[in-house]
Structures are given as C-alpha cells and as structure tokens.
Amino acid sequence: MRILVLGGTHFVGRALVETLLAAGDQVTTLTSGTSGSPAGGADARYADRRDPAALTEALGSGEWDAVVDTWSLEPLAVRTSVSVLRGRVGHWTYVSSRSVYASPLRTGLDESAPLWPGDPASTDADFYPGAKRGGELAALEADCPVVLARVGLVLGPYENVGRLPFWLERISRGDRVPVPGPPERGIQYVDARDAAAWIRAGASAGRAGTFNVTTPTGEHTFGELMEACRSVADSDAELVWAPPEAVAEAGVAPWTELPIWLPPEHEHAALHDSSTAAAEAAGFVSRPLISTVRDTWTWVQAEGMPSGTARGRQGMDDAAERRLWAAYSRALADGR
C-alpha cells in the first residue's frame, strides 16, 4: 500500500513506520523535523502542520491508499490535514486514546462510554483528553472510511514517556525496590508494534469504526510485569510490595511517579479494565508480555533512557522513593 504517516519519528509513529516498511509498503512521512529522522526507506517530508500553506506544499499532489495520524496536540492541525488531503486518500486512521472517556470511568467500559467534549477547530492542547477528542472529531470529517484507534497504555521499544523504562532501570540496579501492590492488580496495555500491525490490517481492509486497542482485561497483572522486568534485566532485586494505603500516605502519585500502576479504587481504575471485544473481533492480537519487556530493555540499552515528552518524564525520584519506604515501614509497624 501507499501509506502516509503524519508523524513517524518516535514512539507509536516510529513503530508504525518500521512495521509498514517491513510489510513492503510505500511509506511517506510528514513531520516537523524536530524529533529525529524517520526510518530509512521512508519518503520523509517536512512541514509544520499548523501552517496550511507549508503542509500543502510538502504533500504536493500526492495520493495515498491510507493515512495514519498520530497527532496529540491542537485538534485544528488534524482538521487542516483532512482538508488538504480531501479526495486524495482511501482510508484514515486516527491514533487516539482511551483518555477521551470522561471521568469517572466505569468498569468494563466500551466504545459507547461517555466522552470528554472536544472541538475539531480548537487550537488548545493543554487538556490532553479534550485535544484527543477534538482530533477524533476532525478525523471523522474525512471523506473516506475512518478508524478511531483508542489505544490503551502504550509500551514497547521507543516508549519515550519513560514508563516501562523507569521500572526496568530501577529494578536493574538491584537492592530492595518498593513497588505498589497488590501484585495481582490487573493491567492493560498495548505494544506499539501490535497496534501498528492492527492499524495496517484495518487500512488494507477498509475498516471503519471506533475501537479500544489494548490487551484484554485480566490477561496480565502488575506483579507479572515487575517479575518480567526483573528477569529481563537479570536483576537480583527484591520486590517489596507496598499496599495502596502506604502509597497514598507517602503522597507518591499513581500513573506518573509510579508508572503504569493505578490503585484498585482509583477514579481511572477502569483504564486497566476496559472492554476490548470490538478490537478482538476485528483481529487484534498481542504478543507475550515478556517480549514487550525484553525488547524495551534492548532498546533502552542501545539508545539510552528516554528523556520524556513535552508533558514530562514519568517515574519517581529518590525523594519519592524515600517517602514510600517510610510509609511502608509505618504500615508494617501498625500491622497493616
């Protein structure tokens, strides 16, 4: 296929471009040129998507079988791309997020759950859920079949947010590592490469619709993930499980300072308990968790720890870890 990737130099975009090239597709990328170069073999083009004239010039008169858009900032940039490409593409995939679902999230939420409001003409990117929803609405203006891929927590190589890399690096240093419990707490995530393969298949089939793209509920646990990190890093670290109450007392933030983890009673706990029936029916499959962890560690060792994104890098610092140890010790002393 001839596929245009709006993005393509890091994280989901990089995994997507490599997947498409490996499948033999003719890949064109459109990036700002500020976050690295696309994989060799792609026709790399450059423009600021906020500038309609520059975007029009960069894309020229090209036509593509499919577009995949990874944009996460101002929704207007998605609308502008849709307008510039109208009549020249056969399929559009917008890589969205389950963050578009409005709080409080309900257990087992599916694609019909209530959403945050969004505006496809907005130039505001400060509220991520609203920006993503606005991007969805803009993508739906395309005159071709559209897939809204509401990906789950994305892990795997090129994960520049630093979630899984944080745990791998910390556990690789050995010693006693405080980790938030309980270990049987379920998690949902998606390997960026599995999302890419599914997106490509959908574009090829002309699929349309909205899908939660993540591993099934109950397939993996946080304890399994931590043990996989210890195994892959060949670490002798002792994992010390701190109860959610100790985490709260320490003031260490779930999800950000303790990446991936959410306590069972958190208002966003359903991000680890969402329905994936639609994506599974449309052919989504995921590789083993150990493969995602191993390949991420290989990437980190080759390219170094990620520096984070514009929204920061995730993982607790030494001060937060000390607070967590202190709260854990008090919990033990109190018999909790």
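Is W116 buried, exposed or partly exposed? W116 is partly exposed, with a relative accessible area of 28%. That value falls in the class between buried, under 20%, and exposed, over 50%. The legends below describe close-up views of a predicted model.

**View 1. W116 and F127 form an edge-to-face ring pair.** The ring centres lie 5.2 Å apart and the planes meet at 90°, so the pair counts as edge-to-face. W116 and F127 both sit in the loop between β5 (92–97) and α4 (128–139). They are 11 residues apart. F127 is partly exposed, at 42% relative accessible area. In the whole structure, a search finds seven aromatic pairs.

**View 2. W198 and F211 pair edge-to-face.** Centre to centre, the rings are 5.2 Å apart, with 70° between the planes. W198 belongs to helix α6 (residues 192–205) and F211 to strand β11 (residues 209–213), so the pair ties together parts 13 residues apart in sequence. Both residues are buried.

**View 3. Ring pairs build an aromatic cluster.** Its members are F166, W167, F222 and W241.

**View 4. The largest nonpolar core has 71 residues.** W167, W198, L225, M226 and V293 have the most contacts inside this core. V293 touches L164, L168, L225, A228, C229 and V232, leaving aside residues up to four places away in sequence.

**View 5. A second, separate core has 24 residues.** L55, V84, A142 and V146 are among them.

Terms used: Residues numbered from 1 in each chain as written. Predicted model: local features only at pLDDT ≥ 70, side-chain atom pairs only at ≥ 80, totals over all residues. Heavy atoms only, no water. Phe/Tyr/Trp six-rings, centres within 6.5 Å; stacked < 30°, edge-to-face > 60°. Helix = DSSP H or I, 4+ residues; strand = E, 2+ residues; numbered from the N terminus. Buried < 20%, exposed > 50% of the residue type's maximum accessible area, 1.4 Å probe, protein only. Core = buried A, V, L, I, M, F, W, Y, C linked by side-chain atoms within 4.5 Å. Contact = heavy atoms within 4.5 Å.
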